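The following note sets out several points on the structure shown below.

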Amino acid sequence: MKKIFLILILFLFTGCSSYIELNDLAIINAIGIEKVNNTYKMYASIIMETDKETTTPKTTIYEVTGVNLNDMLNQLTLTLNKKIYLSHLDLFLLNDTIKTQEFTEIINFFLNNNETREDFLVICSKNIKELLEKTNYGEINDLVEINRQEASQAIYTTMYDVINKFTLQEPIYFTNLEITEHVKIKGLKVFLNNNYQEILENDSLFLNYLLNNINTYKYNYSCQDNKFLYLNILASTTNENEKEFFIANELKVITNDCNLKKDEINDIFTNYLKTNLEKFTEKKLTIKNTIRGLYENK
Amino acid sequence: MNYTEKLKQETNSADDFIYKDIYLGKNHLELITIETIASSNDINNFILKRISFLDKLSVFDLTSYLYNYLPASSISIVNDYDTLKEKLLNGFTILIINNQNIMAIETRRDLTRGVSEADYEKTIVGPKDAFIEHYNTNLGLIRRRIKDVSLHIKPYYLGKYTKTKVGLIYIEGICQEKLVKEIDLKLKKINIDGILDSNYLKKYLNKSKSLFPTLKGTERPDLAASALLEGKVLIITDNSPEVLILPTFFIDFFHASDDYYQKPLNITFIRIIRLIAFLIAIFLPAIYITLTTHNPDSMPINLLLSFQSQRVSVPFPAFIEAILMIISFEILRESDIRIPSSMGTAISILGGLVLGDAAVNAGIVSPIMIIVVAISAISGMLMQSIEAVNSIRWYRFLLIILASLLGYYGIFLGIILILTNLADTKSQTKDYLYPFAPIDLKEQKDGFIKTSNKGLKFRNPILSHNKIRGKS
């Protein structure tokens, strides 16, 4: 009797109802959200099939409006007659219209939805629809990831980071994309206190210095007679104490046409870094309090 | 009523029973034999020819003369009717002298085939000979490998009608007495009409409820000898080419006899492959069902889309699809065993086509399901024991059902069920999962990994008190 009871519990209180038929799923791999006149507008990129030649998923963009994310997804279900499947969501796009109240709703949706993961990339852009139509997740992901690793300008922000930083009321950094002829990274966007601030390409490098987010990048210094010093910054570590930042860089000389000595090269690079960091902190006084210690060390 | 008359009455004057009366002066000899199991050549050359020389010599004690001078290795005096019957049915020739003295002379006909190569326990290196259906030959194959007087054999005659000779073999000094006694007791308790193969004994020797076999049958004398040297017991049955090894542990099904004839590193690799194959055989269909019906989130997107596109034309749920494929495979396997080998190729082609191309084109199953079931089935065949292969089938079904109802949760429930079942299983009072549960690090040297022979200095401590190999 006990055994039967136990088996009944195992079967009745678990996921028999979670049966899914693969062909009944509308697999969403990217979502873009903006708010227009107090209503949300959502662009959902739904994978229809795989291109057999390129093995990349073919997607179709659907546009729905609603009062919140759940409402928009319900409307999408009615449009597609399929179960909305968000487990393979890889990209979340938003623009300046998404602020504190909207963030709260979005975060609540993802925290309450047990089908989704929070490790997808969150990007900021003014041209959400265009981006979804003209590119795909793989392209955007590669763009951000390669930039982050090789140029140290982008930041790979996931929904998990957004939730954490928003909850702790810390600044949230998004990689900012723009699309002209092709997609490119236009620095970063920082969200804090219900406001966005734009930090353009070069400045985003120095912000990343302060955030200890530097991987590698190349530095080009011009000396006399069209001669160049070309450095590869292999790694950088930023430490901070109550008063100061300490930045340690690992430099590799690629070209040294100027015949500079090691100490001279170090001095040139330190000066470059110091000057630009000071310029950056002066220019971006509005976020001075958001980066701990920055204001005091100026 | 004399014995001859009684025998004729009991056997209803069976056709192959030969009764011959011989008169030597005042003496009357009755010769009884069964021509189908006795050698007529032996009877003619070593009994009748010898008796024919005695024509005029009828003054001395005939019984004593025949007992001492008949050129037969086994002659015994029979005192009762039951022994007479037993000897007669074992191929002996009975001589009744003056209706008083009875002698049984061994004239057994050799009805067995010669020693041949192992059929299902094939190896690349190592000995090729295998047990056959003859008790003495099988015993000889073991004796040839273990030339020591401490190799003991306890004979039993089991089966009310078959009186099959069964031998319990062990090495005294290595094997635990307690184990021998346990098995001896079990064998003595057997009450059955007949024993036609060693597998008849399994249900009496093995009381475990586990689906996995706790007894291992082998057709290889080298494997049997190595089991004896480890402290295990063998059960050898007349008319059976399979010798039973007791106790058997779970890990034994991952070992093959040629594991000890090759470099340890290669063996470790092969054993790990066997373990992986075992896991694939049990889990792969269940994992596929889970991925397609409950947890597609754990698949990369491209794989998900590939599965999705392959399932478009299939009208059945993945569970039904899997069951259909597995049953088809089992039908093919069974037919392959039963049909004559000359027709095997035709069936293989037909089966391959039906299961492969036609079923996919007809939209009954998806190509990926064929791959899943085929890999799972092939992986299951890596186990050399048929019983182990069969038990994998049940575990596979259990996990498929649980996976189709509960997804990953069901698979984990299944794993818990299987592990608790195996951990609860005993083989002749020994823990079945030894040396993993209870854990014994020393014995792990010959578990899924095999270290150099230096590491294998000690015998399995739960099998033998004589722990150091090579010491008496």
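1. Lys188(B) counts as exposed because its relative accessibility is 57%, where exposed means over 50% relative accessible area, buried under 20% and partly exposed in between (1.4 Å probe, protein chains only). Asp184(B), with a relative accessible area of 10%, is buried. The two side chains meet in a salt bridge of 3.0 Å, N to O; the term denotes a side-chain nitrogen of Lys or Arg within 4 Å of a carboxyl oxygen of Asp or Glu. Both residues belong to helix α6 (residues 177-188) of chain B, four residues apart, about one turn of the helix. Helices (H or I, at least four residues) and strands (E, at least two) are DSSP runs, numbered from the N terminus.

2. This is a predicted model, in which local features need pLDDT of at least 70 and side-chain atom pairs count only at pLDDT 80 or more, whereas totals for chains, interfaces and linings use all residues. Residues are numbered from 1 along each chain as its sequence is written, chains are lettered from A and ligands numbered from 1 in the order in which they are written, and side-chain values use heavy atoms, with hydrogens and water left out.

3. Over all chains, a search of the whole structure finds 30 salt bridges. One of them joins the side chains of Lys218(A) and Glu150(A) at 4.0 Å, N to O. Lys218(A) lies in strand β10 of chain A and Glu150(A) in helix α5 (residues 137-150) of chain A, so this pair ties together parts that are 68 residues apart in sequence. Lys218(A) is partly exposed at 40% relative accessibility, and Glu150(A) is partly exposed at 41%.

4. A network of salt bridges links Asp96(A), Glu178(A), Lys186(A), Lys189(A) and Glu198(A). Within it, the closest N and O atoms of Lys186(A) and Glu178(A) are 3.9 Å apart. Lys186(A) is partly exposed, its relative accessible area being 24%.

5. In chain A, three strands form an open sheet in the order β10-β11-β12, with antiparallel pairing; strands pair if DSSP finds at least two bridges between them. The edge strands, each pairing on one side only, are β10 (217-222) and β12 (245-256) of chain A. Strand β11 (residues 228-240) of chain A and β12(A) are joined over eleven bridges, and Glu240(A) stands opposite Phe245(A) in β12(A).
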